[in-house]
Amino acid sequence: MNGWLLALLQTGLVVFTAPFLAGWVKWVKCRLQARQGPPAWQPYRNLLRLFSKEVVVAESASPIFRIAPYVVFSVTALACSVVPLVAVGLPTATLADVIVLVGFFALGRFFLALAGMDVGTAFGGMGSSREMTIASLVEPAMLMGVFTLAMTVHSTNLATMIGYLLASPFQLYPSFVFAAMGMMLVAVAETGRIPVDNPATHLELTMVHEAMILEYSGRHLALMEWAAMLKLMIYGVLLVNLFIPWGVAVDFAPLSLLLGLLAISGKLLLLGSALAFAETGLAKMRLFRVPQYLSLAFILCLLGMLSHVILEMN
Amino acid sequence: MSFSLASLAVIAALASGLLPLLRPRSNRVIKVISFPLLGLAGLSGVLGGGMTLLQGVRYQLELPVGLPWLHSQLYLDPLSGFFLLVVGLVTLVAAVYGPAYVREYEQGPQPLFPLTLFTGLFVAGMDLVLLAADAFSFMISWELMSVASYFLVAYQHQHEVNRRSAFIYLLMAQVGGLFILLGFGVLARFGGSFDFSVMSQAVLPDGWATVAFVLAFIGFGMKAGVVPLHVWLPQAHPVAPSHISALLSGVMLKVAVYGFIRFTYQMLGGIHWQWGALVLFVGSASAVLGVLYALMQHDLKRLLAYHSVENIGIIYIGLGLSMIFAGTGHQALAALGLIAALYHCLNHALFKSLLFFGAGAILQQTHEHDLERMGGLIRRLPVTATCFLIGCISISALPPFNGFVSEWLTFQTALQGTVLNNHILAALIPVAAAVLALTGALAAACFVKVFGVCFLGMPRSEGCAVAREISLGPQVGQILLALLCLLFGVLPTWTVAQLETIARLFFPAGMPETTAHGWLWLTPVAPEVASYGAPLVLLGICLAWALAWLWLHPRRRRTPVRISPAWDCGFGPLNARMQYTATAFSMPIRRIFRPVWPISESYQEPGKEEHGGRYRLQIGDWAWSKLYEPIARLVLGAANRLTIIQGGNIRTYLAYSFFTLLLLLLVVSL
């Protein structure tokens, strides 16, 4: 019972702090570009504003258009419950392993892309087509990265993976270094950040995610944007907790939970700053350069897997 | 009991084909007799097969027909029971779907009775293949299935393309049949009999075992449609009537998989891991090439047919992994791979026939088969659209539907590749898994395209703008399959427990750990390695949805939704031609994977009177130009050379016969 309560709390924590991370990245980015920038809690204000605004739905929209925000949001929220944020060993972690997690994202993306095609404008179709193309290249790279980790820890369950790494003495696996680099590239592509997509743009030549949700307004838009922030948060948590697992609580004692909370906050803020730093230094790529970028990610993960097979298997 | 039900399935299927011949001119009589009997065949197949699988028993029967020294042997064990269930399920739904659907053909140029006659024979042939217990009955039933389905493909023979497709189908079915026959021949040579139970006792030297395996792999692979033997499939499946396409794609390919499993796992035995590596390689190639070719199609039924190639590839990936583990002595993992492959057989039968039934409904109501002329159908055909959406989600391997479970099990099997001592295999298996991930993601892209272009947006043709929902029978059939897709996605533990009975036939220890932790959890290998709680996932999604909905409910009351025209950038109203098309949707993928297809593109400048230029895009299949056309040229060339001996003189021909006879006598006497 205690575990379920904690799991619920942790899920709530992920869901309600995700906008802060997105705001933090934006704030750091603005500071780096010598602009004042909105405060880090600006996304909360935006969401609240959108929730209270009127919803305008196009005449040509079908029920899919209205269902999609709820599906996208609820699937992403469910994904939040699977990811170990503060502690491992929570009962929700057995609900789904990392492959199912990828499946959740794929389901959300499926409905997002359908919603983009629903109204029948050219922008939506364009966004959907690009999103599905990028996703189809991301998934093999992502899976190869996951496989590399899973081969070492003998599990695809996220909590078990992190628990294994915490319990074993520190050792720098070459395969982990490659996998970490590959997964970072994958995470950037999956969360739609520069250089793959730009969340701040509304220019038709460059939009991917924004093009799909162009027709949304009011609470529907709020759910869609919140889901995107959740996705950023989940990928951030995955990266830091899988590759730098220290600090994650292995028991439910208040002190270790507090320590876990502090550790993850620090790690996420650092990761957010790094992301902002990278986004400041890079320009968005042309769409047809993205395959090269993603094949680099795949090759890094493949190298990780091969170095595991060659160097670490006995 | 279950054996009688299985026999009833065969008899009812035969009767549904033959009885209408009493009154071949009356369409009403045909429909009243044929379809209920077909439904009975399906139902008794489901019951008979299901009971055999649940009880895990084995029945045997010897019929007083067949060769003098070998009476026809029939048997029913969990493996054939499972496939009988799959065949029965789709047959049952086809019988529910059919009567309203064939109304289309009643006004057509052909009489109705060939359709029902060959449907009955085809279903009976498939059931008999599953029941056959000796090579002789197997081949007879196999040919009955092949030839009957040839007539179904050629049913609308007034179109030249249909005749051509049907001929290619027949040709490849016969060549495939020949390979299977040779495979049985090798086994019979060492076993000394055509009886399956005797053949499986045969001890083959390694070389001959590999020969037999390769023969069976090619023979059954030709029917199953693995790359590069798939070329008949995307030609033959789309041109048959839609409920027959569902049977061909959803079920007949599974009968080939059944034959392959029966031949390799049971009769041949002693699996080598090299065979598994071959199957894994061919399966991966089929999966990814199938989906890439499907992406480029804009004929809905042909697109679905290419997806059958993809899904057969996924099944073969599972089988390949299972064979690699079996060949290296990891019995439990081999059982897991086999379970994943069998699960995908069931799933593919469900969602592929669902999609074909949906495509049939669209075809009948709009008379369009080209995606580029559809659009906005979700408002005209809401029930079909909902069921089709479920089919799309299932085939794209998305949780919590059924396609996801079997792909997830395949992934989990692949993950265990680390137990192998062979490091090259251990490195290649993850690559195959990455190919599977690519396949799944591309399939999702393809079905976003299909559903988005076909059902969403604005109608692109007159037929789609005025289409009406299909009548009740086809709706019920589709709803049934859609519910089964969800059910098998949410209750995987129970299903896997039943499939384990089959795996135990070949790997007696089975894989008990997978289902050992209650009905909520699917835990291949061990709970701490990986787990998937499908019912809880569905519950979680519903819960999150309900919370979001309830939370927003007061706001919904306060600010109702306003309906207004979509933003048109100030250029006047949007029209249907401004939407993204299927070709446009797949363009980035076409550009990225450019060398995969032979593409010819051309652009013609507009003439003086014309408004716009003409853009032509043609996408072929490399298998044709690189493999089949050279073979065809070779055969034709050889035939031309041989015309020398054809002088047209009857005496020369008689001399040929005489010398051939002499030669044969000489051979026999040696």
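These legends describe several close-up views of a predicted model. Local features need pLDDT of at least 70 and side-chain atom pairs count only at pLDDT 80 or more, while totals for chains, interfaces and linings use all residues. Residues are numbered from 1 along each chain as its sequence is written, and chains are lettered from A and ligands numbered from 1 in the order in which they are written.

**View 1. Chain B as a whole.** Chain B has 26 helices and five strands. Helices (H or I, at least four residues) and strands (E, at least two) are DSSP runs, numbered from the N terminus. The C-alpha atoms of chain B fill a box of roughly 95 × 70 × 55 Å along the principal axes. The radius of gyration is 26 Å, which agrees with the value near 26 Å for a compact globule of 670 residues. That radius is taken over C-alpha atoms, and the globule rule is 2.2 Å times the number of residues to the power 0.38. Buried residues make up 56% of the 670 residues in chain B. A residue is buried if 20 or more other C-beta atoms lie within 10 Å of its own, exposed if 12 or fewer, and partly exposed in between; C-beta atoms are placed from the backbone. Among contacts in chain B with a separation of 6 or more, 78% join residues 24 or more positions apart. Two residues are in contact if their C-beta atoms, placed from the backbone, lie within 7 Å.

**View 2. The contact between chain A and chain B.** Chain A brings 68 residues to the contact, and chain B brings 64 residues. On the chain A side, H5(A) gives the most, with 17 residues. Other elements giving two or more residues include helix H2 (42-52), strand E1 (56-58) and helix H3 (63-82) of chain A. By class, this side of chain A has 41 nonpolar, 19 polar and eight charged residues. Ala, Val, Leu, Ile, Met, Phe, Trp, Tyr, Cys and Pro count as nonpolar, Asp, Glu, Lys and Arg as charged, and the others, Gly among them, as polar.

**View 3. Strand pairing across the two chains.** E1(A) pairs with strand E3 (residues 562-564) of chain B. The sense is parallel, over three bridges. Two strands pair if DSSP finds at least two bridges between them. Val56(A) has Arg562(B) as its bridge partner in E3(B).

**View 4. Cys464(B) and its surroundings.** Cys464(B) sits in helix H19 (residues 462-465) of chain B. Cys464(B) is buried because 24 other C-beta atoms lie within 10 Å. Leaving out residues up to four places away in sequence, its contacts include Thr366(B), Glu368(B), Arg373(B) and Pro459(B). Val419(B) is 45 residues from Cys464(B) in sequence, and 55 Å away in space, C-alpha to C-alpha.

**View 5. The loop between H16 and H17 of chain B.** A cis peptide bond joins Pro399(B) and Pro400(B), with omega about 0 degrees. Ala397(B) lies in the loop between H16 and H17 too. Its phi is near 60 degrees, a positive value in a residue other than glycine. Most residues other than glycine have a negative phi, and most peptide bonds are trans. Ala397(B) counts as buried, with 30 C-beta neighbours inside 10 Å.

View 6. Ala34(A) counts as exposed, because it has 7 C-beta neighbours inside 10 Å.
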